[in-house]
Amino acid sequence: MTFRESAFYPPILALALSCVVLGCADETRPPLIVSDIDIKEQLPGQRMSAGYLTLTNTTNEDIVISRVSSADYQSVEVHESSVENGVARMRPVTELVITANSALELRPGGMHLMLMNANGTEDVSLNFFDGPTLLLTVSSNVARERKQ
Amino acid sequence: MNSKNLLIALLIGAGIAAGLFVATKMKAPTQPQFATMLTQANALPDFSLLDQKGNPVNADTFRGQWDLVFFGFAHCPDICPITLQTLSNAKRALIDSGARVIPRIVLVSVDPERDTPDILGKYVAYFGDDNLAVTGDLEQLRRLTSALGIYFEKIASDNENYAVDHSAAVLVIDPNGQFSALFGAPHAIENYLHDFPIIVATQ
């Protein structure tokens, strides 16, 4: 008996067709994609530096990042800069929410990672957590010259 | 009036018209597009701070050159480095454009508690040569900022990594040591490249 004539053929065919229709291929995409990573070097006189990146949520549900850690920095915080009525401010951000099917940008003048006390490594790794769950590890080399 | 006098009158009239036309084309440069000129330049108050070498800084320090003065602090990872980099790039752009007058960049710390002269000096040196760093006694700093309309406030934190809110403007101090114009945020190289020569020419 060929496969076509077996009892398995109809259900497998149905599954294959439903995968095509429902886009099962998307389930193999990572839920969180990182791009435009820019980790600044710590400047003379400073005890911290800024990191910028874009986080894209490819899923249909919001993703929350509650904590960022790194073996290459004493600690990592998230802050948001703003200029309102001519006054520059910076405030801590307790969690990053990346809404379903959208991207969140950490860019100069806005939200950014505050990377405390670098250990001087050229290539750094950052771990993004939702509670105890590690969602993502990002690696980058440190930008040695500040650019706009 | 005979035809000869009429001709002379017409020629004089044409000469005046031509002169006015040329004069309007050659008049003082246009107004700044991004910076705000003060209607009356303000003298700096009496104050006493320090530069990165520990030398005294007072109102006289700001005489003799044009200064672009930014109030920020070294423990600021985002807005302050960005602003200083923009000013540094703007200075470079002015030099490259052949501008006659090039400003000095000055960082006055709104966080004298953490920004010692040594720390601030290393920090401003990163952004180019000949930058001036100013820090010192908090009360002396307040004398300077309140006279210039600059706001700053330390934001309470449970650790040593506190933030300081501060005005985002860059002040222009002229060679007479007077506050004569300001650039508001957001700061862009083009704003300075376009307006700084106009501000200089207006004086």
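Where in chain B is the place of B:Pro186? In this predicted model, B:Pro186 sits in the loop between E10 and H5 of chain B. The peptide bond that leads from B:Ala185 into B:Pro186 is cis, its omega being near 0 degrees.

Strand E10 belongs to an open sheet of 8 strands in chain B, with mixed pairing and the order E1-E10-E9-E4-E5-E6-E2-E3. The edges are formed by strand E1 (35-43) and strand E3 (56-57) of chain B; each has a single partner strand, so one side of each is left without a neighbour in the sheet. In general, the strands of a sheet pair through backbone hydrogen bonds, and the pairing is either parallel or antiparallel. Strand E9 (residues 170-173) and strand E10 (residues 178-183) of chain B run antiparallel and are joined by 4 bridges. Across this pairing, B:Leu171 stands opposite B:Leu182 in E10(B).

A helix also lies across part of chain B's strands. Helix H3 (residues 117-126) of chain B lies across strand E2 (49-51), strand E5 (104-109) and strand E6 (132-135) of that chain, and runs at about 155 degrees to E6(B).

Helix H5 (residues 189-202) of chain B packs with helix H2 (residues 79-96) of chain B at an angle of about 50 degrees, the axes being 8 Å apart. This angle makes H2(B) oblique to H5(B). The crossing of the two helices H2(B) and H5(B) is right-handed. From H2(B), the residues B:Thr86, B:Leu87, B:Asn89, B:Ala90, B:Ala93 and B:Leu94 meet B:Ile189, B:Tyr192, B:Leu193, B:Phe196 and B:Pro197 of H5(B). Sorted by class, the contact of H2(B) with H5(B) has 9 nonpolar and 2 polar residues, and no charged residues.

A:Asn85 has a positive phi of about 55 degrees although it is not a glycine. A:Asn85 lies in the loop between strand E5 (73-84) and strand E6 (87-92) of chain A, and counts as exposed at 82% relative accessibility. A:Asn117, likewise not a glycine, has a positive phi of about 50 degrees. A:Asn117 is placed in strand E9 (residues 111-118) of chain A. With a relative accessible area of 28%, A:Asn117 is partly exposed.

A further loop residue of chain A is A:Thr28, found between helix H1 (9-22) and strand E1 (32-40). A:Thr28 is exposed, with a relative accessible area of 68%. A:Thr28 and A:Thr54 are 26 residues apart along the chain, and their C-alpha atoms are separated by 20 Å.

How values were computed
Residues numbered from 1 in each chain as written. Chains lettered and ligands numbered in written order. Predicted model: local features only at pLDDT ≥ 70, side-chain atom pairs only at ≥ 80, totals over all residues. Heavy atoms only, no water. Pairing = 2+ DSSP bridges. Contact = heavy atoms within 4.5 Å. Axes fitted to C-alpha atoms, helices over the stretch in contact; angles between N-to-C directions. Parallel < 35°, antiparallel > 145°, perpendicular 65-115°, else oblique. Left-handed = near helix turned anticlockwise from the far one by under 90°. Nonpolar A, V, L, I, M, F, W, Y, C, P; charged D, E, K, R; others polar. Buried < 20%, exposed > 50% of the residue type's maximum accessible area, 1.4 Å probe, protein only.
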